[in-house]
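Me: I would like to learn how to read pockets in a structure. Can we work through a case?

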Amino acid sequence: MLILEDLYLGDVRPSERSFKRNTQYAKALDDLVKAGDALTDTLTEKQKELFEDYMTAQREVNVLTDCETFIYAFRLAAKIMTDVLIDGQMREI
């Protein structure tokens, strides 16, 4: 099946990726969760509400940033492939 067909059918979801345990990312995520739990344990109910509002806004910023990064990277890859396919030869420096 073609990648474009997979993308159209929803079988490719760049925003939904899994990660392996015992990786640097998994450790960083675990540290983040532990720190967040420790922080919220010290907050009043009002502070917890404010912190949750902050986290919701941060997640929205992250989604927008990730989307823009994906678009940029996709366009860059397309430009690279176009250059490779059109030129077909290495240019001398």
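Me: By class, what residues make up the lining of the largest pocket?

Reply: Rolling a probe the size of a water molecule over the atoms shows where empty space is left. In this predicted model, the lining of the largest pocket has six nonpolar, four polar and three charged residues.

Me: How much space lies in the largest pocket, and which residues are closest to its centre?

Reply: The largest pocket holds about 660 Å³ of space. Its lining counts 13 residues, and Pro-14, Ser-15, Arg-17, Asn-62 and Asp-66 are the closest to the centre. Helix H3 (residues 45–87) provides the largest share of this lining, seven residues.

Me: What volume has the second largest pocket, and which residues line it?

Reply: The volume of the second largest pocket is about 220 Å³. Leu-32, Val-33, Gly-36, Phe-51, Met-55, Gln-58, Arg-59 and Asn-62 form the lining. By class, these are four nonpolar, three polar and one charged. H2 and H3 each contribute at least two residues to this lining, and H3 gives the most, with five.

Me: Where among the elements is the mean pLDDT lowest, and where highest?

Reply: Where pLDDT is low, the predicted coordinates should not be read in detail. Here the lowest mean among the elements, 83, belongs to helix H1 (residues 3–9), and the highest, 95, to helix H2 (residues 24–41).

Me: What is the mean pLDDT of the protein chain?

Reply: The chain has a mean pLDDT of 88, and 92% of its residues reach 70 or more.

How values were computed: Residues numbered from 1 in each chain as written. Predicted model: local features only at pLDDT ≥ 70, side-chain atom pairs only at ≥ 80, totals over all residues. Heavy atoms only, no water. pLDDT = per-residue confidence, 0-100. Helix = DSSP H or I, 4+ residues; strand = E, 2+ residues; numbered from the N terminus. 1 Å grid on protein atoms, 1.4 Å probe; cavity = no way out; pocket = protein on both sides within 12 Å on 5 of 7 lines; lining within 4 Å. Points joined across faces, edges and corners; volume = space filled by probe spheres on them. Nonpolar A, V, L, I, M, F, W, Y, C, P; charged D, E, K, R; others polar.
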